[in-house]
Amino acid sequence: MLLPFDILEYQNRLKETKDRMDEKGIEVLLITDPANMNYLSGYDAWSFYVHQMLVIIIDEPQPIWIGRFQDANGARVKTWIYDENIISYPDYYVHSSVYHPMDFISEILTQIGQGNRHIGVEMDHYYFTAMSLDRLKRGMPNAKFHDASVLVNRVRMIKSDQEIEYMKRAATIADLAMTKGVESIRAGGRECDTAAEIYYHMVRGTPEFGGEYPAIVPLLPSGDHTSIPHLTWTDRPFLENSAVIVELAGCYKRYHVPLARTVSVGEPSEKLNHLAAVVTEGIQNVLQTAKPGMTCSDLEEIWRKSIQKHGFEKESRLGYSVGLNYPPDWGEHTASIRRGDTTVLQPNMTFHLIPGLWFDHDGIEISETFRVTETGTERFTTYPQELIVRRDPYNINSNGQIS
């Protein structure tokens with residue numbers, strides 16, 4: 001087995017999941033989110049583009065993995081599940097207009113006496129389709145289905161010490177990728193060249209440990225595109241006296257530490273300098289005040305009051321719980337740092353604090369991923385928390401080429 005955690009840790013996670021199932025009256029939990037599958041079993045492969053599932057039965061000690069035949073060997077190698085609990089469906093179920101993997105799964109569950117129980121499904125995840133639920137209901141007409149979209153996600157929120165160690169390694173990779181990416185930004189350089197530099201260091205990692213593909217690609221809007229936070233790169237050049245937003249994440253053992261910074265290509269404008277001061281002041285106010293027992297809503301209020309005195313408001317949430325995940329998102333889909341979220345901070349919860357401000361034609365992002373400690377908070381990364389200024393342009397000849 002190739003497992004990133006001790007089997008005892010997986011068993012403890014399974015027990016806590018079953019406790020939550022019991023609270024909600026769920027007897028069988030069907031997990032299709034690959035992060036939740038990984039969390040409870042260790043399974044890690046790029047197979048989530050087809051239907052796969054981890055089945056947790058409340059009165060059975062072992063989960064059941066069900067997936068595509070050619071992926072079954074991966075489940076045998078990368079989970080702690082007994083071989084007899086790894087079940088595969090034949091390839092004619094893949095992308096078929098006639099057969100559906102949920103028909104196969106319904107038949108299996110019925111055969112082992114689970115077809116008439118209270119069944120929880122992750123209704124609001126990327127990997128569970130409307131067709132999936134329809135076919136399960138057809139295949140198990142006597143079952144009662146319940147929404148269990150964030151049941152396991154909630155279990156994941158408080159990290160073990162080993163998980164925190166993996167996030168610290170991800171942070172080291174994030175620092176390195178940001179450093180090398182920012183060093184490549186200069187007037188005349190292309191966005192795609194910077195993206196390539198970031199990717200290289202995200203994957204290469206350090207001599208001690210390598211990195212992995214992140215759940216979100218590097219986001220790299222520049223110039224007037226900085227008002228649009230979720231743009232990726234293009235092949236257009238960076239312009240002198242413009243800004244670039246860099247948002248990336250280091251990833252290790254599927255654990256993410258996101259990091260965002262804003263770079264001024266050449267001398268920053270007075271407005272950009274002012275925005276950077278407002279944002280960093282707000283970040284410090286939040287991180288220096290946050291501690292166990294406070295709520296996510298409390299943190300948002302601290303930030304809101306901090307920027308209001310400078311005449312700014314932020315429409316979007318301030319941050320979110322982060323950690324283990326797969327594309328298309330590194331967030332955990334549980335707690336958000338925003339008004340009205342009553343999630344209580346507890347030690348070893350981890351959040352991406354991203355107080356971005358976006359306007360009609362420009363914007364700024366400076367973010368931190370932090371851990372809640374016993375007495376306060378701790379940043380994962382060490383990259384300077386400030387507006388970054390790059391003053392060394394390429395030499396561009398009359399043909400627009402770098403010389």
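1. Lys253 lies in the loop between E7 and E8, in a hairpin that has two residues between its strands. The phi of Lys253 is near 55°, a positive value in a residue other than glycine, and Lys253 is partly exposed, with a relative accessible area of 33% (buried means under 20% relative accessible area, exposed over 50%, and partly exposed in between, with a 1.4 Å probe and protein chains only). Arg254 is found in the loop between E7 and E8 as well and takes a positive phi near 75°, although this residue too is other than glycine. Arg254 counts as buried, at 1% relative accessibility.

2. This is a predicted model, in which local features need pLDDT of at least 70 and side-chain atom pairs count only at pLDDT 80 or more, while totals for chains, interfaces and linings use all residues. Residues are numbered from 1 along each chain as its sequence is written, and side-chain values use heavy atoms, with hydrogens and water left out. Helices (H or I, at least four residues) and strands (E, at least two) are DSSP runs, numbered from the N terminus.

3. How many residues of strand E8 are buried? For E8 (residues 255–265) the count is 11 of 11, and the strand is described as mostly covered. In a regular strand the side chains alternate between the two faces of the sheet. Both faces of E8 are covered, with Tyr255, Val257, Leu259, Arg261, Val263 and Val265 buried on one side and His256, Pro258, Ala260, Thr262 and Ser264 buried on the other.

4. A second open sheet has five strands in the order E10-E9-E11-E14-E15, with antiparallel pairing. E10 and strand E15 (377–379) stand at the edges with a single partner strand each, so one side of each is left without a neighbour in the sheet. Strand E14 (residues 368–372) pairs with E15 in the antiparallel sense over three bridges, and Val372 stands opposite Thr377 of E15.

5. Helix H10 (residues 296–308) lies across E10, strand E11 (350–353) and E14, and runs at about 60° to E10. A separate feature is the cis peptide bond that joins Pro327 and Pro328, with omega about 15°; Pro328 is found in the loop between strand E9 (319–322) and strand E10 (331–337).

6. Helix H7 (residues 161–183) packs with helix H8 (residues 191–204) at an angle of about 155°, their axes being 8 Å apart. H7 and H8 are therefore roughly antiparallel to each other (angles under 35 degrees count as roughly parallel, over 145 as roughly antiparallel, 65 to 115 as roughly perpendicular and the rest as oblique). The contact (heavy atoms within 4.5 Å) is made by Ile173, Leu176, Ala177, Lys180 and Gly181 of H7, together with Thr194, Glu197, Ile198, His201 and Met202 of H8. These residues divide into five nonpolar, three polar and two charged, where Ala, Val, Leu, Ile, Met, Phe, Trp, Tyr, Cys and Pro count as nonpolar, Asp, Glu, Lys and Arg as charged, and the others, Gly among them, as polar.

7. Helix H1 (residues 7–23) and helix H2 (residues 34–41) pack at an angle of about 120°, with axes 7 Å apart, and are therefore oblique to each other. Tyr10, Arg13, Leu14 and Thr17 of H1 meet Asn38, Tyr39, Leu40 and Ser41 of H2. The residues of this contact divide into four nonpolar, three polar and one charged.

Conventions. Axes fitted to C-alpha atoms, helices over the stretch in contact; angles between N-to-C directions. Pairing = 2+ DSSP bridges.
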